[in-house]
Amino acid sequence: MRRSDEPIYWGLFGFGGMVIAFALPALLVLMLLKGFGVNCFDIQSVAATWWGAGALFVIVSASLWHGFHRIYHGLHDLCIHTTRLHHYVLYGAAGTLTVVALCLYAATFFGLLK
């Protein structure tokens, strides 16, 4: 009997949902305040610190895994039978975009992007 990899994806889904519920609203409020002229923080200066880059990476990557997992299981609600191809495409996209986000945050942290 083959072992399932679903618990890993459900764990990432749950973690992403928790991050979206707690961190994303706070980040959006800070960005909204910046839009109104309250200069409370600069996203590039936050991303230039190791903890800021790490926090932004966790917020983005957890949101990606949460969203793609929701899309994967939402296909069932749309009466679309999911196959291994759907599994590989959606989770592969989440993994690829996570690596892209990691590279962008590393480049920002090390000052390669200005």
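These legends walk through a predicted model, from the whole chain to a few close-up views. Residues are numbered from 1 along each chain as its sequence is written, and side-chain values use heavy atoms, leaving out hydrogens and water. Local features need pLDDT of at least 70 and side-chain atom pairs count only at pLDDT 80 or more, while totals for chains, interfaces and linings use all residues.

View 1. The protein chain has four helices and zero strands, in the order α-α-α-α along the sequence. Helices (H or I, at least four residues) and strands (E, at least two) are DSSP runs, numbered from the N terminus. The C-alpha trace spans about 55 × 30 × 20 Å along its principal axes. The radius of gyration, taken over C-alpha atoms, is 17 Å, whereas a compact globule of 114 residues would have one near 13 Å (the globule rule is 2.2 Å times the number of residues to the power 0.38). Buried residues make up 26% of the 114 residues; here buried means under 20% relative accessible area, exposed over 50%, and partly exposed in between, with a 1.4 Å probe and protein chains only. Of the contacts with a separation of 6 or more, 68% are between residues 24 or more positions apart, where contact means heavy atoms within 4.5 Å.

**View 2. Tyr9 and Tyr91 form a stacked pair.** A search of the whole structure finds five aromatic pairs. Rings of Phe, Tyr and Trp (its six-membered ring) pair if their centres lie within 6.5 Å; planes under 30 degrees apart count as stacked, over 60 as edge-to-face and the rest as tilted. For Tyr9 and Tyr91, the centres are 3.9 Å apart and the planes are at 5°, so this pair is stacked. Tyr9 sits in helix H1 (residues 6–35) and Tyr91 in helix H4 (residues 84–109), so the pair ties together parts 82 residues apart in sequence. Tyr9 and Tyr91 are both buried.

**View 3. Tyr91 also pairs with Tyr72.** This second pair is tilted, with 5.3 Å centre to centre and 45° between the planes of Tyr72 and Tyr91. Tyr72 belongs to helix H3 (residues 50–77) and Tyr91 to helix H4, so to speak two distant parts of the chain, 19 residues apart, are linked. Tyr72, like Tyr91, is buried. Together, Tyr9, Trp65, Tyr72 and Tyr91 make up one aromatic cluster.

**View 4. His66 meets a stretch that includes Gly17.** His66 is found in helix H3 and is buried, at a relative accessible area of 12%. A polar atom of the His66 side chain lies 3.2 Å from the backbone nitrogen of Gly17. Leaving aside residues up to four places away in sequence, His66 touches Phe13, Gly16, Gly17 and Ile20.

View 5. Cys79 is in the loop between H3 and H4 and counts as exposed, at 75% relative accessibility. Most residues other than glycine have a negative phi. Phi of Cys79, however, has a positive value, near 65°. Cys103 is placed in helix H4 and counts as partly exposed, at 49% relative accessibility.

Conventions
Polar contact = N/O pair within 3.5 Å; in protein donor to acceptor, adjacent residues only side chain to side chain.
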